[in-house]
Amino acid sequence: MTKPLLDRHLFGPGPTNAYPEATTALGYPLLGHLDPAFIERLDATCDGLRQVWGTDNSRTLPLSATGSAGMEAAFVNTVGTGDVAVIAVNGLFGERMCDVAERCGAEVIRVDHEWGQPIDPERVAKAHPNPKVIAAVHAETSTGVLSDIKALGELKGDALLIVDAVTSIGGIELLSDEWGIDVGYAGTQKCLGVAPGLAPFTISDRAFDRRIEKPQSWYLDLGMLGGYVGSASGGGRTYHHTAPVAMIASLEAALERILTEGLDNVAARHWAAGTALQDGLEEQGHKLFAAEGHRLPELTSVVVPDGVDSAAVRSYLLEHFNIEIGGGAGKYAHSVWRIGLMGPNANPSSVALLLSALPEAIEKA
């Protein structure tokens, strides 16, 4: 028996609902991964990614895996046994950076911050006199906090700066070249408004020249992947793997939609929706988790009121309003809600729906 299709309001930390253009493109006729028409599409996608990354890096491409693979690619290609990696930790995804770097054999120096607070660029930069890499999360998905990557880039010295932009790319300002980002990774399922499955990635020439020549991961070897992209190889295009052609068509369509709206307009739309939601929640008496002045517009973290069953409220919203919101992460799994207004969901109607549904869910759950 065929199950009915569910059309959820995906207002959690990701995935978000896709842009209609991205969904339509998933149904395009499939092309071979070496078809000249697909190669043209891949090149256009890489050009679009350069614009949302704010970079001229030739090696800017969609890795054929989720954002977590982008994180692994960033470290496996830049650090090896004995290399020093200074990592700012102010949430779950900073924690994961440490785990991945340790598995690469790096000497990891953690710079811990209270969850809900932004990173302290000066403290991070002073943690070691000469690390090979410094790493930080731009938009911490686990807490809804925005950190100042530009300030960290100004203090990086000779180190390579690795940045997680999974929740920021395509939603808020991201200027890789201007901020000094050497390696950046992201995902498609948040502000870019595409289904999960690709990791938008960029690496500067400076970082590529200092990469691990033969990393422990064959699949994520940027030397070989750069050749597959073509323009980055300086020569002929080389085969590496069978690309997810439908996902790349979807990403290309979403990028075209975002760039047509204009990055400044997209960012303004996200800020307007996020600010309206946060103001509305505070008017209802809710306490926000992320530090004031450092809150992401696209992901709002809310303290669960005393005596309220977090999971029951989320279940009520899903059953009665078709709304998905997320729980917290780590030790805040049951004491924080995470509400995302990303991509096409960053609009006034989403804000109105959430602010009307949440009080009923709290009362009746």
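I started with strand S10: Ala 199, Phe 201 and Ile 203 point one way, Pro 200 and Thr 202 the other, and all are buried. Buried here means under 20% relative accessible area with a 1.4 Å probe, protein chains only. Strands are DSSP runs of E, at least two residues long, numbered from the N terminus. In a regular strand, side chains alternate between the two faces of the sheet.

Before going on, I noted that this is a predicted model, where local features need pLDDT of at least 70, side-chain atom pairs count only at pLDDT 80 or more, and totals for chains, interfaces and linings use all residues. Residues are numbered from 1 along each chain as its sequence is written, and side-chain values use heavy atoms, with hydrogens and water left out.

Why is S10 largely enclosed by the rest of the structure? I found that 5 of the 5 residues in this strand (residues 199-203) are buried, so the rest of the structure largely encloses it.

Next, I looked up its partners; two strands pair if DSSP finds at least two bridges between them. S2 (residues 59-63) runs antiparallel to S10 over 5 bridges, and I see Pro 62 opposite Pro 200. S9 (residues 183-185) also pairs with S10 in the antiparallel sense, over 3 bridges. There, Tyr 185 stands opposite Phe 201.

Then the cysteines. How many disulfides does a search of the whole structure find? I got 0, counting a pair of cysteine sulfur atoms within 2.5 Å as a disulfide. For Cys 104, the closest cysteine sulfur is in Cys 98, 12 Å away, so it is too far for a bond. Cys 104 is buried at 9% relative accessible area. I also checked Cys 46, which is buried at 1%.

Methods:
Buried means under 20% relative accessible area, exposed over 50%, partly exposed in between (1.4 Å probe, protein chains only). Helices (H or I, at least four residues) and strands (E, at least two) are DSSP runs, numbered from the N terminus.
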